[in-house]
Amino acid sequence: MTLLRLSATLFLALTMLAPAHAQDRRVPTSQAELRLSYAPIVQRVVPAVVNVYAAKMIQHRHPLLDDPIFRRFFGVPGGQPEQMQRSLGSGVMVDPSGLVVTNNHVIEGADQVKIALPDKREFEAEIVLKDTRTDLAILRLKNVNETFPTLDFANSDELQVGDVVMAIGNPFGVGQTVTQGIVSALARTQVGITDYQFFIQTDAAINPGNSGGALVDMTGQLVGINTAIFSRTGGSLGIGFAIPANMVRVVVASAKSGGKAVRRPWLGARLQAVTPEIAETIGLKAPAGALVASVAPGSPAARAGLKLSDLIVLIDGQPVDDPNAFDYRFATRPLGGTSQLEVQRNGKPVKLTVPLETAPDTSRDEVVITAPSPFEGAKVVNVSPGLADELHLDYGAEGVVIIALAENGMAANVGFRKGDIILAVNNKKIVKTTDLEQAVREARRLWRITLMRGGQQIQVMLGG
């Protein structure tokens, strides 16, 4: 009797479950359902996605030419062989006048840039603005007198994991290609691609050549610019990263306003990540937030009342997981207003209002050192709060900072790096670029150099 009852119960349970399974899998009931497609979105979006071709001349230099004995006895042959090096990427039309956004690494160092439209027309393009901090560049088509289709910006902060997205670009140069996937993750901050590490992760197939292309949502709006992939083979493994549209919007706005550099809010405070050890020390359940390590006098942070050891946990109501997340949120705020910060101070919540203004940028006096010396080939500028913010230098730093190095220059060969701050040369204090220019005019057998690198002061001795 008990067995019969159990069998009847099991039969009843299976009967009740059957309709649910049937509802999960069913045959389309209409012709319309058979024709469900992304095609209408693609048709609307594709005309605004372009191909970007960049070319530069590179000179092949034989290594023996660097040997002074070889040059002395055999001479230097005239006209070193040159070769055209080409790169391919994608771009998105963001203004009907012919303004295109792409990745900076696609056009970096290019002598010539061309834009190919989906209708196969090609145009010369000029570089309007380059922003290495976000790896974005803005191009403008030359000699055009027409309006072009564009993509509207979505609010990328409204994206959710699981949202359907499409990636459009020119992978491997095969031609314009559309792939579809979902948002796999938001706010990826440990990717290490740009200064502002805050990326949308997607499994939509992204491959070499997709860089600078569009990531769009199901309304056809731009949610991101495809920038990088994680790959062991060079092909797509389903892990792609895109710069959020809200960051792209800031760079495009700066280009439209005629600026040669992107104008962003400046906090004037150095932030550090919260480690598990720090979290345990200050009584946090989990390591999250951005810890204030220093505050520049007179900066917006100082005027707002931000203090050493404050833990920033919210900005304008949005959570701050780490310093990278804060940098992104703060950098995308519009200048001229204010942002509301919530910090934990001695275990208690404190609300602060920070003005959104740019960093003061005094005269940089950019100079390329050409005199025979250990600094030959270095491009240097005066340290300023704006530059300190850009290069993540200490706000109290003084001296002259190296911002670029010629590839085969002496400065690069002896080991100088971008971001090195030159404090003294042969016991002479270096405050301005003119001081360094004067210091390298005299030929010397021995150079005594004091520099700051990564917050540490280093003494260097180099032969003349």
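Guide: Let us begin with aromatic pairs: rings of Phe, Tyr and Trp (its six-membered ring) pair if their centres lie within 6.5 Å, and planes under 30 degrees apart count as stacked, over 60 as edge-to-face and the rest as tilted. The structure holds four such aromatic pairs. This is a predicted model, in which local features need pLDDT of at least 70 and side-chain atom pairs count only at pLDDT 80 or more, while totals for chains, interfaces and linings use all residues. Residues are numbered from 1 along each chain as its sequence is written, and side-chain values use heavy atoms, with hydrogens and water left out.

Visitor: Why is the pair of F123 and F148 called edge-to-face?

Guide: The ring centres of F123 and F148 are 6.1 Å apart and the planes stand at 85°, so the pair is edge-to-face, since the angle is over 60. F123 belongs to strand β5 and F148 to the loop between β6 (136–141) and β7 (164–169), 25 residues apart, so that the pair links distant parts of the chain.

Visitor: What makes F123 and F148 buried or exposed?

Guide: Buried means under 20% relative accessible area, exposed over 50%, and partly exposed in between (1.4 Å probe, protein chains only). F123 has 14% and F148 has 6%, so both count as buried.

Visitor: How do you know whether the pair of F326 and F330 is stacked or edge-to-face?

Guide: The centres of the F326 and F330 rings lie 5.4 Å apart and their planes are at 15°, so this pair is stacked. Both residues sit in helix α9 (residues 323–331), four residues apart, and are therefore separated by about one helical turn. The helix is a DSSP run (H or I, at least four residues; strands are E, at least two), numbered from the N terminus. F326 is buried at 1%, and F330 is buried at 4%.

Visitor: Why is the largest pocket said to lie between domain 1 and domain 4?

Guide: Domain 1 (45–141) and domain 4 (367–463) both give residues to the lining of this pocket, so it lies between them; the domain bounds come from an automatic or database domain assignment. A pocket is an open set of points on a 1 Å grid over the protein atoms alone, where a 1.4 Å probe fits, with protein on both sides within 12 Å along at least five of seven lines; lining residues have an atom within 4 Å of a point. The largest pocket is lined by 30 residues, with D131, R133, A261, R364 and E390 nearest its centre.
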